[in-house]
Amino acid sequence: MSRSRLDPRLPEGPLGSAWQRTREGLALISPSNKRRLQVLVVGTGLAGSSAAATLAEQGYRVQVLTYHDSPRRAHSVAAQGGINAARNYAGDGDSVERLFRDTVRGGDFRAREAGCHRLAEISGAIIDQCVAQGVPFAREYGGLLAQRNFGGALVSRTFYARGQTGQQLLYGAVQALLRQVEAGRVELFTRREMLELISVEGVARGVVCRHRLSGELETFLADAVVLATGGYSNVFHLSTNAVQSNASAIWRAHCRGALFANPCFTQIHPTCIPSGDGDQSKLTLMSESLRNDGRLWLPLQPGDRRDPNSIPEAERDYFLERQYPTYGNMVPRDVASRRARELCLAGHGVGPSGRSVYLDLAEAIARDGKEAIESRYGNLLEMYARISGEDPTTTPLRIYPAPHYTMGGLWVDYHLMSTIPGLFVLGEANFSEHGANRLGASALMQGLADGYFIAPATITAWLADQPHPAVHAEHPACREARAAAAARIAALLVPAGDGPAGTGTGGAGRRPVELWHRQLGQLMIEACGISRQGGQLKSALLELEALRGRCAEELRVSDHGTANNPELEKALRLQDFLGLAELMLRDALAREESCGAHFRQEHQSADGEARRDDANFAHIAAWEHRPGAEPVRHSEPLSYSAIQPSQRNYR
Ligand SMILES: Cc1cc2nc3c(=O)[nH]c(=O)nc-3n(C[C@H](O)[C@H](O)[C@H](O)COP(=O)(O)OP(=O)(O)OC[C@H]3O[C@@H](n4cnc5c(N)ncnc54)[C@H](O)[C@@H]3O)c2cc1C
């Protein structure tokens, strides 16, 4: 593959005005011509809904697909803590420049400077847009929007709606989308799961979907295709993501030629409710916002099993405050997760498995009162009490790191276009601006920046420059994509009674998909989780090869003769996770440095901090799929002009 295919199309000249200059140079399309153009958006999370609504508002004909029964069920609805914007309402010195620098530094200098700057610039407009839609952000007494502090920043720039920020933002975006459905400019197709990308002469022109109730394979065609299909943390099986979140859309696009960037950059969130037993299928996040008021600690004595409230102050280790006096409990997620895990491995961990640390609200309650803390974190505390059976206002919460977010994703250029022309990727599905570690409350900002502001401008520019030859569903490229999807489904199905899934007795088709997925998750979390090591990654690659071999032989699901087959859906998703897992391991092995959340044990400083290798790895890794052969690693060099790479120091 030539390097030119990896041209990020970064703007030249001063960073501060780069996006404005780019925008002003982008081609436009007249309203009457927009009506003739069709855009297909896969995904109705914050990125997809905001993009579809804005494109339709501009006059395009838009088709929107989601596998949910309602666009409002997209996983974005679960986002809790807040959304960042450089508004400085708190008067604590925030600015676009500071948000830009925090993002580049938080990502450990593995993100593009121009993209991070654009994100910081757009952040304020996102808040205006959402307020105009009626999103009920928390307010101060005087009426100004309230803000709180999140990890990796010394200012309070996180706007929130209790612990339900994602839900409120999504309702705003979906309302905007439904307005366009009502106006006849958006056609919404629910319960459709994308299984293949269609490209015609190298240009993305549509997708093949399976209708989840009828089982029918359908073809959707367009002049531009947008994937806003979310992240892939469920490759670890247990994660904070919705159980159905999966990687199939981006993985299938990757198999059709879209390069995959930094697949091993995944985020393990420090504050989740620890897993209970081996049968659990999902983990629950306790928002990072709790670290504003909660203090993390562990007993000084390893193996101390006393009730936390009976452990005196002098026998507690507020480990983040001790190790990072400047940022304290608000260090970035990668740092907090690593420290918690290390101390648990050293025997200080609490809870039945010894895999938990305390997050203690006692001091904040004594200072501000129980009512104030409950109003700040209300639903989070209720959720914790329901799941754990303990009252977090009287007993410290027990938390532990868990897979949460994926910084990796399909490679996109500054215009959010992948290496397949005409295929745009937004939100968590692209690799985007978070480098090797995303800062808290920056995902919602990025998804909405992509959807409301960037993609509508850049997709227009792309469409303006293109001929639009009509493609019919019987075009050979469409037939081939449908046949590929049909073949994958047929290969998985066995007649009912001939080894039904769910019996767990071994042999072809007799093991539920869930068990295969759990096995994959265990392999991945051990080898490619908070900490990674060369030898372990190599062994994991061999184990994975064996697991994939066994899956190819044995992974089958019952064909009950009914089209609605959730076990089949899981099996299709698992196959794609297996392919992606291999790429993640290869990527982690190839990146012989530690940076952000990618912590290679071989590359650390004397005090256990990540040691980057800027001479050899100051680049984005972008992987090319080759059917039947090893993938090829390409690289896009990163350079910095406004902020010089330095060792991150949160001490
Ligand atoms: C518990 C939790 C709390 C979080 N809290 C915060 C927070 O406070 N602040 C913050 O900034 N970030 C937070 N995040 C991260 C943030 O919520 C996500 O990164 C973001 O919402 C992703 O939005 P998205 O639009 O990219 O994708 P999603 O919201 O995941 O939407 C994906 C969409 O794609 C569709 N889709 C996927 N695959 C297919 C397919 N094959 N066919 C058809 N449709 C498909 C789905 O149906 C869905 O509509 C949190 C994450 C979690 C897990």
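A residue is called buried if 20 or more other C-beta atoms lie within 10 Å of its own, exposed if 12 or fewer do, and partly exposed in between. Keep in mind that this is a predicted model.

**Exercise 1.** Find where N88 sits and decide how exposed N88 is.

Solution. Start with the location: N88 belongs to the loop that links strand 3 (83–84) to helix 4 (96–106). Next, count neighbours: there are 18 C-beta neighbours inside 10 Å, so N88 is partly exposed. Finally, check the backbone: N88 has a positive phi of about 55°, even though it isn't a glycine. Most residues other than glycine have a negative phi.

**Exercise 2.** Is N262 buried or exposed?

Solution. First, locate N262 in the loop between strand 11 (260–261) and strand 12 (266–273). Then count: 29 other C-beta atoms lie within 10 Å, so N262 is buried. N262 isn't a glycine either, yet its phi is positive, about 40°.

**Exercise 3.** Check the span of helix 13 (residues 476–492), then work out where its buried residues point.

Solution. Now list the buried residues of helix 13: C478, A481, A485 and L492. Looking down the helix axis, these fall within an arc of 70°, so they line one face of helix 13. The face turned away from that buried side carries exposed P476, A487 and A490. Last, ask what covers the buried residues: the cover includes strand 7 (192–200), strand 8 (203–211) and helix 16 (566–590).

Terms used
Residues are numbered from 1 along each chain as its sequence is written. This is a predicted model: local features need pLDDT of at least 70, side-chain atom pairs count only at pLDDT 80 or more; totals for chains, interfaces and linings use all residues. Helices (H or I, at least four residues) and strands (E, at least two) are DSSP runs, numbered from the N terminus. The expected span of a helix is 1.5 Å times one less than its number of residues. The arc is that of the directions from the helix axis to the C-beta atoms. Two residues are in contact if their C-beta atoms, placed from the backbone, lie within 7 Å.
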